[in-house]
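Keep the structure open beside you as you read.

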Amino acid sequence: MEESYPFSAIVDQGAMKRALVLNAVNPDISGVLVRGERGTAKSTAVRALADVLPPVEVVADCPYRCPPGERDRMCAECRERTDAGEQLPVEHRPMRVVDLPLNASEDRVVGSIDLQSAVREGRQTFEPGILAEANRNILYVDEVNLLDDHIVDVLLDAAAMGENIVEREGVSVRHPAEFVLVGTMNPEEGELRPQLLDRFDLLVDVVASGDADERVEIAERRERFDADPAAFRAAYADEQRELADRIRSARQRLTAVDVPTSVLHEASYEAVRQRAHGMRADIAVNRVARTIAALDGDDVVNGAHVAEAQYFVFPHRVEGVAEMSFGEGVMSSESDEEAVGEEDQDDEPEGDDTADTEGGGLPIAEGEESYDVDRTAIDPERDRTMRDALARRTPSRVAVRSGRYVRSRLQEDVNDVAIDATVRAAAPHQRTRQPEDQSGIVVEARDLRQKLRERTARALVVFVVDASGSVMSGRQMMETKRGLLSLIEDAYRARDRVAVVVFRGENAFTLVEPTRNHRMARDAVSRLTVGGNTPLAHGLVEAYRIVEREKRRDQDLYPLVVLLSDGQSNVDYREDGDAREDALRAASLFADADVPSVFVDTGYELDTTPDEIWTARKAERMKRKRFERNQTFAETMGADYLPLVELPRDTQLPTDQDSEGQEA
């Protein structure tokens, strides 16, 4: 077995290590989510945590590692054996890290029917899954943001209840599933659904150290560990033992820690003042503050404990305030203060900061007005076809093994066997297939049934926005902004992810990476400035790259590209190229890849420039020429053409915002 890096030897990352230890002390804490870029010791810290956790006493022959003497936490079989007066075999085992693979099916996670028992013996036997293996261990989910939503739902439900309930294929099983849940993710690879993000009690954002001495120390320690792991671990044995003793003592003290009512009032007042979503923030602060007090050796929770708890609990539940800015002074290392400053910068819209001032950088027109948009407005033919096949934010039947099993079917090549349906198909033929004295079931190829699974289809709407000087006409600029904000709100109602690409000056940049945080997208658009040249081809290429990248991550994703532009282009993409020709070539990428798209013409009847410059007759001719040019452009892109002034509005749309709570 490969030796893990010592937890105590990890340099910097005090907040991450603190959060992991708190979760290990109190099993009622609903998990830790660690967000950060590559190379910030996320996985190293998680795998090292097991070494400082005390071993647990378990029933030796139980697949769930039930605790002897605690009947309420036992599985059904151990309870029956205890009630019958049997002396259960006991042993001590170290806690370990159980990995949840990204491609794990629901059967693998929650458990399934034992195929061999069903076929050979004719009985349905439950085969425990990853949740059973994780009971009283650490369950580690790397890249949790890339897991299927229904897998994360199952995972977090089990973490909250401490029990896994499986009712499928004629079997009903309940077994304990108490584990230290740790998820890690790189925000650059996508976000976690807000409703699921809220289920993690603690969140830590980590960044690589900016201190040269610390970076040198990290590299040197790693080199020493790789050269001689045993000697390196021995050097930190005392620190490891001391931390393990602190965790053990904190667990014993936890139930005796008192939380004064006055402290609870102050904590809830702060949650209200910061406009934290829902009640989980209050509950989590109470729970985490008690754990901090126990770990620090205190018997009563005080304001400092609460402030530190808010440091971990509030960042993903409070909007409009820089993350990791709560409880300042609690995490007292210099590196943490630097991390706060760096997180403050992350609240700015993503993209090239220099582009904000490029080409004049005039603020977009004031006002946050928007209007309801008829969902059929942005509904190209190919998008309708994809919605019919996949559905929009609704369960959709897919030919993959990652969805929820809903029914079975007969097909030629079976690669995901539906046990219940297969056994039912084989049962009527048993008398003719085997002697009466032979047990088990004989299954033939014709009996095999394929599982038909269901999963939620993911949609991504990529808005490509012209922010060049050509849209600086007062009404055109205002209507473009209002239309974009309205379409973002419509995407929120449909639960679609959105991305915003902006082109102006000499290039294009991604203002908003793919996200479901539509409020953040609105804020970024509201702060957008306009001016400069019109690099249309650059904007389209940037959007195409986003679509291709997201499709590689999710083969069932269906994208929709919405271009908001007057169709003008005056910046070459290729060296010695032609701006107009380059834009057409970029537009054809979407048609060739069969990506549904819409061209929203922001200049039609809004651009007053021809009227101001030309005679009435020539102005009319110029407008007609632009209209024909933009029609041709839309055809090249394979897009529906829609003038912005014709975007249906004032349509009352059903909204589930009230039932869902505030948007995240």
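## Salt bridges, a covered helix and charged patches

Glu163 is partly exposed, with a relative accessible area of 23%; that class lies between buried (under 20%) and exposed (over 50%), using a 1.4 Å probe and protein chains only as cover. This is a predicted model, where local features need pLDDT of at least 70 and side-chain atom pairs count only at pLDDT 80 or more, while totals for chains, interfaces and linings use all residues. Residues are numbered from 1 along each chain as its sequence is written, and side-chain values use heavy atoms, with hydrogens and water left out.

Glu163 has a salt-bridge partner in Arg174. Here a salt bridge is a side-chain nitrogen of Lys or Arg within 4 Å of a carboxyl oxygen of Asp or Glu. By that rule the count comes to 32 salt bridges. The table shows three of these pairs.

| Pair | Closest N to O |
|---|---|
| Arg174 and Glu163 | 3.0 Å |

Why does the Asp107 and Lys451 pair tie together parts that are 344 residues apart in sequence? Asp107 lies in helix 4 (residues 106-110) and Lys451 in strand 15 (residues 450-456), so the bridge joins those two parts. Helices (H or I, at least four residues) and strands (E, at least two) are DSSP runs, numbered from the N terminus. Asp107 is buried at 10% relative accessible area, and Lys451 is buried at 6%.

Arg241 and Asp238 share helix 11 (residues 237-254), where they sit 3 residues apart, about one turn of the helix. Arg241 is partly exposed at 48%, whereas Asp238 is exposed at 55%.

Now to the covered helix. Helix 14 (residues 303-313) has 9 of its 11 residues buried. Its buried residues pack against helix 1 (14-25), strand 11 (202-206), helix 12 (261-273) and helix 13 (280-295), with contact meaning heavy atoms within 4.5 Å. One of the buried residues is Gln310, at 9% relative accessible area. Gln310 and Ala267 are 43 residues apart in sequence, yet 8.4 Å apart in space, C-alpha to C-alpha.

On the surface, Arg617, Lys618, Arg621 and Arg624 gather in a positive patch. Patches join like charges within 9 Å, among residues with over 30% relative accessible area and no salt bridge. Arg624 belongs to helix 24 (residues 616-637) and is partly exposed at 42%. A negative patch is formed by Asp572, Glu575, Asp576, Asp578 and Glu581.

Methods: Patches are made of residues with over 30% relative accessible area and no salt bridge: like charges are joined within 9 Å, nonpolar side chains (Val, Leu, Ile, Met, Phe, Trp, Tyr) within 5 Å. Accessible areas come from the Shrake-Rupley method with a 1.4 Å probe; for residues, only the protein chains shown count as cover. Lys and Arg count as positive and Asp and Glu as negative; His and the chain ends are not counted. The place of a charge is taken as NZ of Lys, CZ of Arg, CG of Asp or CD of Glu.
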